[in-house]
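Open the model in your viewer and keep the selection tool at hand. This tour tells you what to pick next and what is there.

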Amino acid sequence: MHKFPLMTAHTGCMGHPDHSLISLDAALELGADIYEDDIRVTRDGRLILAHDDRVSLHNGGEGSILAMSLEELQDEAISPPLLLETLLSVVKDAGIMMNLDLKTIACLEPLAMLIDRLDMADQVFLSGCGYTAAFEAQLGAPQLRKLLNVDVAHFHTVSYAKAVAHACADSRATGCFGLNLPYELVQQELLEEAHSQGLQVYVWTVSEADDMRRLAGMGVDAITTRELGRFLSVRAELISGRV
């Protein structure tokens, strides 16, 4: 049996709202190794937690996070977004890792400055980075660790072996420490090749216990899930040798 994968709590875990402190609190209470959330940046360079650029406004319309200042968002958005710094302060005190899913490359410069100011380079890594974003991150903020989001379409257009080789080469060329991919794409061939090149394999987003068991048995390095209770039950079963 391989070492059991790290537990990455997806934002909105355990039925709590996405991009919320209560979701993070639940992850910490259940012992998550890593917490994942999505980040975007406002017009005035403030980093906030959000998956989509569009936000609903009190006037019935929609706004663009990138086109609005933080003050405008706080005044006009129906659900004002949480500042990344607020979340990171809790993560820093808790001593766990933070997976920041980069939704736009515009986040990169203010993020590098924030991580440096908070002295959290050892607690933070980036995901959401395709080859281009990973390349820009390597040039602009090489101090930030990052995963390469594999090109899913490539896995459907060339042979599996070629797609794996391409993903590993791109990861190494852009200074990434591993691959980030949908769990459905994982085969033993990918794990063996990535690990042989010193690359870790992180998978998302897993909900079912059978998939958790299978992936843990294959040797993935981290599993992202909203179902932390289910993950913990599977881990207890496998470690105890009952299944």
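**Before you start**

This is a predicted model, so local features need pLDDT of at least 70 and side-chain atom pairs count only at pLDDT 80 or more, while totals for chains, interfaces and linings use all residues. Residues are numbered from 1 along each chain as its sequence is written, and side-chain values use heavy atoms, with hydrogens and water left out.

**Stop 1: the whole chain**

Show the cartoon. The chain has ten helices and eleven strands. Helices (H or I, at least four residues) and strands (E, at least two) are DSSP runs, numbered from the N terminus. The radius of gyration, taken over C-alpha atoms, is 18 Å. The globule rule (2.2 Å times the number of residues to the power 0.38) gives a close 18 Å for 243 residues, so the chain is as compact as a globular protein of that length. Along the principal axes, the C-alpha atoms fill a box of roughly 55 × 40 × 35 Å.

Now colour by burial. Buried residues make up 49% of the 243 residues. Buried means under 20% relative accessible area, exposed over 50%, and partly exposed in between (1.4 Å probe, protein chains only).

**Stop 2: the largest nonpolar core**

Select Leu84, Leu88, Leu111, Leu179, Leu181 and Val203. Of the 68 residues in the largest nonpolar core, these touch the most other members. A nonpolar core is a set of buried Ala, Val, Leu, Ile, Met, Phe, Trp, Tyr and Cys residues joined through side-chain atoms within 4.5 Å. Which helix gives the most to this core? Helix 4 (residues 108-118) does, with six residues. Another core lies apart, with ten residues, among them Ile48, Ala50, Leu57 and Leu70.

Zoom in on leucine 181. Leaving aside neighbours within four places in sequence, leucine 181 is in contact (heavy atoms within 4.5 Å) with Val150, Val186, Leu190, Val201, Tyr202, Val203 and Trp204.

**Stop 3: helix 4**

Select the buried residues of helix 4: Leu108, Pro110, Leu111, Ala112, Leu114, Ile115 and Leu118. What do they pack against? Their partners are strand 2 (34-41), strand 3 (47-49), helix 3 (84-94), strand 6 (97-102), strand 7 (124-129) and helix 5 (131-140). Step on to aspartate 119, which follows helix 4 and has a positive phi near 55°.

**Stop 4**

Pick glutamine 200, in strand 10 (residues 200-204). Is glutamine 200 buried or partly exposed? Glutamine 200 counts as partly exposed, at 29% relative accessibility. Beyond neighbours within four places in sequence, glutamine 200 contacts Phe177, Gly178, Leu179, His195 and Asp221.

Next, pick threonine 224, in strand 11 (residues 222-225). Threonine 224 is buried, with a relative accessible area of 6%. Setting aside neighbours within four places in sequence, threonine 224 contacts Thr8, His10, Val203, Trp204, Thr205 and Val206.

**Stop 5: a loop with positive phi**

Most residues other than glycine have a negative phi. Go to the loop between strand 1 (6-10) and helix 1 (21-29), where methionine 14 lies. Methionine 14 is not a glycine, yet has a positive phi of about 55°. At 36% relative accessibility, methionine 14 counts as partly exposed. Histidine 19 lies in the loop between strand 1 and helix 1 too. Histidine 19 has a positive phi of about 60°, although it is not a glycine.
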